[in-house]
Amino acid sequence: MNRAITFLEVGPRDGLQNEKALVSTADKLELIRRSIDAGASRIEVTSFVNPKRVPQMADAEDVCAGLPKVDGVSYIGLVLNAKGAERAIATGTLHELGAVCVATDSFAIANQGQTSDESVDAAKAIIAMAQAAGLKGQVTIGASFGCPFEGEVSEDRVVAMAVALAQANPIEVGLADTIGVADPAHVSRLVRRVVEAIAPIPVRVHFHNTRGTGIANVWAAVEAGASVVDAALGGLGGCPFAPGAAGNVSSEDVVYMLGRAGVATGMDLGKMIETNRWLADVMGRKLPGMVAQAPAFPKSVQE
């Protein structure tokens, strides 16, 4: 088991993309600034998608133009196709392109208008575009643990996709529980299999808390060898193309749990809780994450 993981904040993109009330570019940049101040060294800042389909991400170029230049911080732009990759590269401010493929045909067609196999080929091409531009390429396998349209997803299928993607030499392969159906036993099995199949390429995990199992799934994944964990501040998030997909695991909850268990994340929990309260004001409601709602424990950590 890893005693330290790389924490990846996805709040500015995945946390906000499904919100109906548009969040200003200035507030997105403030969320990014606060995440850096709390210790985040990798941040998914936006996605380069059709603004008619995802209006919240219509300011992708503006967000990138305003990113603070901070040594040791890597900014990630999510892209689904070559056009999006070209837009992301053209900003000149990103360090990584995040490609996405999907484990089932039905969801791949709904999400990006192509079959599952076609999405793998597109992801490999995006990784190559990133590398040719001097950037890093990473990839996520969506619906790795279950599909909103087809139900159960074969573990063998996900492992085979990870092996195919590894041929493009991404910096990591991510497994996403897009609709929050995974359980810790399933996570443990699949993460272990993928870790073994693509070593030494790292495995990243991305969980939603739709059914309350998200935080347990993070623990199972880290125990099974995942070395990078996605989370969104406050537990915001969802997918516009996945019916019923609720929020991501909360950044504060993940950092609290792993820190208490002796797994280093490099994050400052107190500053994350302060940012939770700031973001709750921006969104006009209490956020789903639990740790920020609970009394401080131990007090010295959260004061």
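Analyst: Accessible areas here come from the Shrake-Rupley method with a 1.4 Å probe, and for residues only the protein chains shown count as cover. By that method the protein chain exposes about 11,800 Å², and carbon and sulfur atoms supply 52% of it. This is a predicted model, in which local features need pLDDT of at least 70, side-chain atom pairs count only at pLDDT 80 or more, and totals for chains, interfaces and linings use all residues. Residues are numbered from 1 along each chain as its sequence is written, and side-chain values use heavy atoms, with hydrogens and water left out.

User: Why does the radius of gyration of the protein chain agree with a compact globule?

Analyst: The rule, taken over C-alpha atoms, is 2.2 Å times the number of residues to the power 0.38. For 303 residues a compact globule would be near 19 Å, and the protein chain has 17 Å, so the two agree.

User: What makes a residue count as buried, and what percentage of the protein chain does?

Analyst: Buried means under 20% relative accessible area (1.4 Å probe, protein chains only). Of the 303 residues, 56% count as buried.

User: What makes a set of residues a nonpolar core, and how many residues has the largest?

Analyst: A core is a set of buried Ala, Val, Leu, Ile, Met, Phe, Trp, Tyr and Cys residues joined through side-chain atoms within 4.5 Å. The largest has 78 residues, and Val 191 is among those with the most contacts inside it. Helix α7 (residues 155-166) gives the largest share of this core, six residues. A second, separate core of 16 residues includes Leu 31 and Met 283.

Technical notes
Buried means under 20% relative accessible area, exposed over 50%, partly exposed in between (1.4 Å probe, protein chains only). Helices (H or I, at least four residues) and strands (E, at least two) are DSSP runs, numbered from the N terminus.
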